[in-house]
Amino acid sequence: MINFHLVGQKLTKYRKELGLTQDEVAEKLFVTRQLISKWERGNGVPSIDCLLELCKLYQKTFEDILCLDE
């Protein structure tokens, strides 16, 4: 089972490690800042397409971002 809250914490951490704003990530993924905020608050998770782009952007694995190894 995917823990949305943990996924949101990781997404926030990885974004901040790269020094990016929510607006900048949203622009790179062609989504709204509000959607990035929703994911980071744990109120949802990215679609598979966005998740794959986040993996590339943050240089992390799918399993890592979705906390599948935890």
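**View 1. Where α2 meets α3.** The axes of α2 and α3 approach within 8 Å and cross at roughly 110°, which makes α2 roughly perpendicular to α3. This crossing is right-handed. On the α2 side, the contact is made by Gln22, Asp23, Val25, Ala26 and Leu29; on the α3 side, Arg33, Ile36, Ser37, Trp39 and Glu40 take part. Please keep in mind that this is a predicted model.

**View 2. The buried face of α3.** Here we turn to helix α3, which spans residues 33–41. Its buried residues are Ile36, Ser37, Trp39 and Glu40. Seen down the axis of α3, they fall within an arc of 160°, so they line one face of the helix. What do these buried residues pack against? Their partners are α1 (4–17), α2 (22–29) and α4 (48–58).

View 3. Follow the chain out of α3 and you come to Gly42. The phi of Gly42 is positive, near 85°.

View 4. A disulfide is a covalent bond between the sulfur atoms of two cysteines. How many disulfides does the model contain? The count comes to 0. For Cys50, the closest cysteine sulfur is that of Cys55, 11 Å away and therefore too far for a bond, given that a disulfide needs the two sulfur atoms within 2.5 Å. Cys55, likewise, is in no disulfide, and its nearest cysteine sulfur is that of Cys50. Are these side chains buried or exposed? Cys50 counts as buried because its relative accessibility is 11%, and Cys55 counts as buried at 11% too.

How values were computed. Residues are numbered from 1 along each chain as its sequence is written. This is a predicted model: local features need pLDDT of at least 70, side-chain atom pairs count only at pLDDT 80 or more; totals for chains, interfaces and linings use all residues. Side-chain values use heavy atoms; hydrogens and water are left out. Buried means under 20% relative accessible area, exposed over 50%, partly exposed in between (1.4 Å probe, protein chains only). Helices (H or I, at least four residues) and strands (E, at least two) are DSSP runs, numbered from the N terminus. The arc is that of the directions from the helix axis to the C-beta atoms. Contact means heavy atoms within 4.5 Å. Axes are lines fitted to C-alpha atoms, for helices over the stretch in contact, and angles run from 0 to 180 degrees between N-to-C directions. Angles under 35 degrees count as roughly parallel, over 145 as roughly antiparallel, 65 to 115 as roughly perpendicular and the rest as oblique. A crossing is left-handed if the near helix is turned anticlockwise from the far one by less than a right angle, and right-handed if clockwise.
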